[in-house]
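Keep the 3D view open while you read.

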Amino acid sequence: METPKNVTGEHETDIDTGSDVVGLLTEHALGHLFSAALRTAASCRIADHLASAPRTPQDLAHLTDTDAGHLRRVLRYLATRGIFREDEAGAFHLTPVANALRTDIPYSQHALVLMLTDETFQRTSAGLEETVRKAGPSYERIFGKPFFAHLATDPGLRQLFDDGMSALSAPVDEVVAEAYPFPERGTVVDVGGGRGGLLRSILRRHPALTGVLLDQAPAVSRHVLGDDELKDRWRAESGDFFAGVPEGGDIYVLKHVLHDWPDDACLRILRNCRAAMAPGARLLIVDSVLPAGNDPHLGKVLDVAMAAIVDGKERTEEEFTRLLGEAGLTVTRVLPTRAFPSVMEAVAA
């Protein structure tokens, strides 16, 4: 039998059984269990029950109608990743990460975790090999139609998606509103803006700005722009950004939109924005800008998810620049933020 070569291919060697390689690969291969454990904790609202004080598995089991022994095993596993902490007496505490699973705090990520660990996305991820082999999303094969078409026919999934994306977006909205120097006056058009979280953050910071929210009717109907301080400063339009966008805006924003689509679809969206922009207007793209190298980056995780779900992709700065150029737009600057996306500014070429 041929002895396997090591990863460098420089010489032949057996796997070092005293190293962490086997254990590391085993843990990674069981990554789906971590997602399941995280979903279990979120579904049982463990973080809510720990908000006032640490509790034992017995206490938590009584509150959540679960089995104490099995619940402890799940929480002990999560604690190895910094989600909850078990003390010497066997009680579990919140950690900063676990605290984000509470449902009663600003910027709660509870809805995001329930969305990302839903069976819909778990099954799609399990089909990733087919995505790689056939260069197309596994979602459509599994569920019979493309993701966004499926959303249009499934109100429950639509609400799960909107709530999850709102949870993901809320902390980013404040960061983007802070990071970009918006003008004091003018109109901001949030294209594909969901429930309007980013537009709300921008308008709150700039009292003389007005705004337009464009998205499909189910998202717009559940907008978050009803604050008294925003009264008479915005309007919502139900529509399709592939068909057109509201004209005459001074700032157009595409936040977490382009990563959902392949290049040809992105060009349609960008050209519609370019055609609608007032003279001197700017377009802001809020998305991950993929860095070079092997360092971890959330954009690299989302990139694989986009491939499996919607045939979209995250992009490098060079890829964005080329795409925008084809749409008649020129990148003027890229601003990093305190969150994972950057803000890319473009103007008419």
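## Helix pairs and a pocket

Helices α12 and α13 cross in a right-handed way. Keep in mind that what you're looking at is a predicted model. On the α12 side, the residues in contact are Asp173, Glu174, Val176, Ala177 and Glu178, and on the α13 side they are Gly197, Leu198, Ser201, Ile202 and Arg205. Sort the residues of this contact by class and you get 4 nonpolar, 2 polar and 4 charged.

How do you put a helix pair into numbers? Two packed helices are described by the angle between their axes and the distance between the axes.

| Helix pair | Angle between axes | Distance between axes |
|---|---|---|
| α12 (residues 155-179) and α13 (residues 197-205) | about 40° | 8 Å |
| α15 (residues 263-276) and α17 (residues 317-326) | roughly 55° | within 9 Å |
| α4 (residues 57-64) and α5 (residues 68-79) | about 110° | 9 Å |

With an angle of about 40°, α12 is oblique to α13.

Next up, α15 and α17. Their axes cross at roughly 55°, so the two helices are oblique to each other. The crossing of α15 past α17 is right-handed. From α15, the residues Asp263, Cys266, Leu267, Leu270 and Arg271 touch Leu323, Leu324 and Glu326 of α17. That contact has 5 nonpolar and 3 charged residues, with no polar ones.

Now for α4 and α5. Are they roughly parallel or roughly perpendicular to each other? They pack at about 110°, so α4 and α5 are roughly perpendicular. Here, too, α4 passes α5 in a right-handed crossing. Pro57, Gln58, Leu60, Ala61 and Thr64 are the α4 residues in this contact, and they meet Ala68, Leu71, Arg72 and Leu75 of α5. By class, that's 6 nonpolar, 2 polar and 1 charged.

Which helix gives the most to the lining? It's α2, with 3 residues. Overall, the lining of this pocket has 8 nonpolar and 3 polar residues, and no charged ones.

Technical notes. Residues numbered from 1 in each chain as written. Predicted model: local features only at pLDDT ≥ 70, side-chain atom pairs only at ≥ 80, totals over all residues. Heavy atoms only, no water. Axes fitted to C-alpha atoms, helices over the stretch in contact; angles between N-to-C directions. Helix = DSSP H or I, 4+ residues; strand = E, 2+ residues; numbered from the N terminus. Parallel < 35°, antiparallel > 145°, perpendicular 65-115°, else oblique. Left-handed = near helix turned anticlockwise from the far one by under 90°. Contact = heavy atoms within 4.5 Å. Nonpolar A, V, L, I, M, F, W, Y, C, P; charged D, E, K, R; others polar.
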